[in-house]
Amino acid sequence: MQFLNFLFHGTIVGIILFQTSVIAPTVFSTVNSKDTSKFLRKIFPKFFLFIISLGLMSLLHGLIYENTIIEKFISIVTVFMALICYLIIPATNSATDEGDKKKFKLLHAISVFSTIGILLLNIFIFLI
């Protein structure tokens, strides 16, 4: 049943890589800024909810099948970091709407670094 846990973590890695290497660059290069904003405001909540769901499924799997403490820790941190990203989306959008570049940069940086952390942790699971 370890394969199922790898599937959860691999899907998290895949969705992050797909979002950052295919979806975002394509949208920024082909869609006008107003529509880009609309699209990103729709896609990012779903992106983070999907990661949260996969992290919770991995954690549940880990509790049932007694995964290592490291695997459980990675699942918990994944859920926590994705939840933070999800919860700051309204504030990030408000900062954009209000032209508060300093606040936007801070919130965006939190989101980006958290997503990178999630990516690296979920890659690490394959190395242990």
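## A loop residue

At a relative accessibility of 68%, Glu66 counts as exposed, because the cut-off for that class is over 50%. The model is a predicted one. Glu66 sits in the loop that joins α2 to α3.

The backbone of Glu66 has a positive phi of about 55 degrees, although the residue is not a glycine. Most residues other than glycine have a negative phi.

## Overall make-up

The chain has 4 helices and 0 strands. Read from the N terminus, the order of elements is α-α-α-α.

Along the principal axes, the C-alpha atoms fill a box of roughly 50 × 25 × 20 Å. The chain has 128 residues, and 36% of them count as buried.

## Helix α3

Helix α3 covers residues 69–98.

Just after α3 comes Gly99, which takes a positive phi of about 75 degrees.

## Packing of α2 with α3

Two packed helices are described by the angle between their axes and the distance between the axes. For helix α2 (residues 33–64) and α3, the angle is about 165 degrees and the axes are 8 Å apart. Angles over 145 degrees count as roughly antiparallel, so α2 is roughly antiparallel to α3.

The crossing of α2 past α3 is left-handed. By class, the residues in this contact are 16 nonpolar, 7 polar and 3 charged.

## Packing of α3 with α4

On which helix does α3 pack at an angle of about 160 degrees? The partner is helix α4 (residues 101–124), and the two axes lie 9 Å apart. That angle makes α3 roughly antiparallel to α4, because it is over the 145 degree cut-off.

Helix α3 passes α4 in a left-handed crossing. The contact of α3 with α4 has 17 nonpolar, 8 polar and 1 charged residues.

## Summary

In this predicted model, α2 is roughly antiparallel to α3, and α3 is roughly antiparallel to α4. The loop between α2 and α3 holds Glu66, which counts as exposed.

Methods: Residues are numbered from 1 along each chain as its sequence is written. This is a predicted model: local features need pLDDT of at least 70, side-chain atom pairs count only at pLDDT 80 or more; totals for chains, interfaces and linings use all residues. Side-chain values use heavy atoms; hydrogens and water are left out. Axes are lines fitted to C-alpha atoms, for helices over the stretch in contact, and angles run from 0 to 180 degrees between N-to-C directions. Helices (H or I, at least four residues) and strands (E, at least two) are DSSP runs, numbered from the N terminus. Angles under 35 degrees count as roughly parallel, over 145 as roughly antiparallel, 65 to 115 as roughly perpendicular and the rest as oblique. A crossing is left-handed if the near helix is turned anticlockwise from the far one by less than a right angle, and right-handed if clockwise. Ala, Val, Leu, Ile, Met, Phe, Trp, Tyr, Cys and Pro count as nonpolar, Asp, Glu, Lys and Arg as charged, and the others, Gly among them, as polar. Buried means under 20% relative accessible area, exposed over 50%, partly exposed in between (1.4 Å probe, protein chains only).
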